[in-house]
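Take a walk through this model with the structure open beside you.

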Amino acid sequence: MLPNKEDLFSVTSFEHLINRHKVDIATLPPSYLQVVKDNLGTLKTIFSVGEALNEPIASYILSKGILLVNGYGPTENTVCVSLSFNPVREDKSIMIGKPTPNVQVYILNKRQQPVPIGSVGEIYVAGIQLAKGYLNRPDLTAEKFVANPFSGEAESMMYKTGDLGKWLPDGNLVYIGRVDDQVKIRGFRIELGEVEAVLLQSGLISQAVVLAKENGHGQQYLAAYVVAESEKIDRAGLSAFLNSKLPEYMIPSALVQMDQLPVTINGKINKKALPDPDEPTLRSEEYIAPKGELEVKLAKIYEELLGVKNVGAGDNFFGIGGHSLLAMRAIASIKNTFKVELPVKTFFELVTIERVANFIKVNQEDFSVKLDEYDEIKL
């Protein structure tokens, strides 16, 4: 049986699913694990995959007596390249473990020569699990799949991952980061240049740089730094354009308008000089202050989860930095605060504080209201 979205997008439903089927092993990305960490039910073993595991969530899961296995491997290598059954070191760094059987891992410098143990280099992978290349992309295949000089076989290839890592003396690997503009957010691989290109296609932007930033909760989000074609950006128009061109996880949560982008002495954009966004938000509506105790409490929930200030009554949860995983946490907080069960589908339809508050008010006043009747209530 495969879980449906209702099972996965609700913390309570996820735990019920795990308990109902007595699941003891699951594969979960760290960003999802952060959301369901207190609702793991019967789970005894968790494989962390899809994105970099961070120490706080790893240590928390281990403290609950759950075996945590950290896996590493790009899709081009049939996913699993290495595994660590004890990922957290004494110095709090995270290991990605030792290569799995029949997999060869090399840490190389820019000249594709091995670096000493403890030194940082790019991770290359070879072995029988390696893909043959990219479909109809001979240029990209030639760039990423290169001859393997260490195998002794003429046709042996290795994959240039673009990931940085280092060997430890005990033979374990540590993941350091990326060498290019590719990032992973919530398990999704994102090319920052692709997002920049779509921003420029809107006709509203003359220059754009997109960076992966981190909010106060340790969660990554995309921030776009732009120079507009006009004095003031049409944020509503830009938001609509991005939603029509990009999946939700690739849409920047923050939009910082600048008169000009900073450059280095060589004339290149100086990304290090770009300021941190005041608020990770792409708000497209005018600010409307929450009214009444219920809306004020909801605003505080939104602000805490999203790491923003002054969330308005009409702000779209997903337009000010929200995503599906944060929606799960919002629904759980709403249930704990107001003692109202808010279905996932309903939350995705309502999204604003004002509309969610109306739903809560109706269901607090009359618990007999059925969900199918709610569609007839004017919000």
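Lys291, Glu295 and Glu354 are joined in a network of salt bridges. A salt bridge here is a side-chain nitrogen of Lys or Arg within 4 Å of a carboxyl oxygen of Asp or Glu. The model is predicted: local features need pLDDT of at least 70, side-chain atom pairs count only at pLDDT 80 or more, and totals for chains, interfaces and linings use all residues. Residues are numbered from 1 along each chain as its sequence is written, and side-chain values use heavy atoms, with hydrogens and water left out.

Look at one link of that network. Glu354 and Lys291 meet through their side chains in a salt bridge, 3.6 Å from N to O. The pair ties together distant parts of the chain, 63 residues apart. Glu354 sits in helix H11 (residues 353–365), while Lys291 is in the loop between strand S15 (254–257) and helix H8 (292–306). Helices (H or I, at least four residues) and strands (E, at least two) are DSSP runs, numbered from the N terminus. How exposed are the two partners? Glu354 is partly exposed at 35% relative accessibility, and Lys291 is exposed at 52%. Buried means under 20% relative accessible area, exposed over 50%, and partly exposed in between (1.4 Å probe, protein chains only).

Helix H8 holds a local pair as well. Glu293 forms a salt bridge with Lys297, with the closest N and O atoms 3.2 Å apart. The two are four residues apart in H8, so about one helical turn separates them. An α-helix has 3.6 residues a turn, so residues three or four places apart point the same way. Glu293 is exposed at 57% relative accessibility. Lys297 is partly exposed, at 37%.

The side chains of Asp163 and Arg178 form a salt bridge at 2.7 Å, N to O. Asp163 belongs to strand S9 (residues 157–167) and Arg178 to strand S10 (residues 173–178), 15 residues apart. Is Asp163 buried or exposed? Asp163 is buried, at 7% relative accessibility. Arg178 is partly exposed, with a relative accessible area of 21%. The model's count of salt bridges comes to 11.

Next comes a sheet. Three strands make an open sheet in the order S13-S14-S15, with mixed pairing. Two strands pair if DSSP finds at least two bridges between them. Strand S13 (205–214) and S15 are the edge strands, each with a single partner, so one side of each has no neighbour in the sheet. Neighbouring strands are turned by 25° against each other on average, direction ignored. Strand S14 (residues 220–228) and S15 pair in the parallel sense over four bridges. In S15, Ala254 stands opposite Ala223.

Which helix lies across S13 and S14? Helix H6 (residues 192–201) does, running at about 145° to S13. Axes are lines fitted to C-alpha atoms, for helices over the stretch in contact, and angles run from 0 to 180 degrees between N-to-C directions. Leu192, Val195, Glu196, Val198 and Leu199 are buried in H6. They span an arc of only 160° around the axis, which puts them on the same side of H6. The arc is that of the directions from the helix axis to the C-beta atoms. Their cover includes strand S11 (182–185), strand S12 (188–191), S13, S14 and helix H7 (235–245). Just after H6, Gly203 takes a positive phi of about 80°.

Finish in the largest nonpolar core, which has 27 residues. A nonpolar core is a set of buried Ala, Val, Leu, Ile, Met, Phe, Trp, Tyr and Cys residues joined through side-chain atoms within 4.5 Å. Leu298, Phe317, Ile334, Phe347 and Val356 touch the most other members. H8, helix H9 (324–338), helix H10 (344–350) and H11 each supply at least two residues of this core. Follow Val356, leaving aside its neighbours within four places in sequence: its contacts (heavy atoms within 4.5 Å) are Leu298, Tyr302, Ile334, Leu342, Phe347, Leu350 and Val351.
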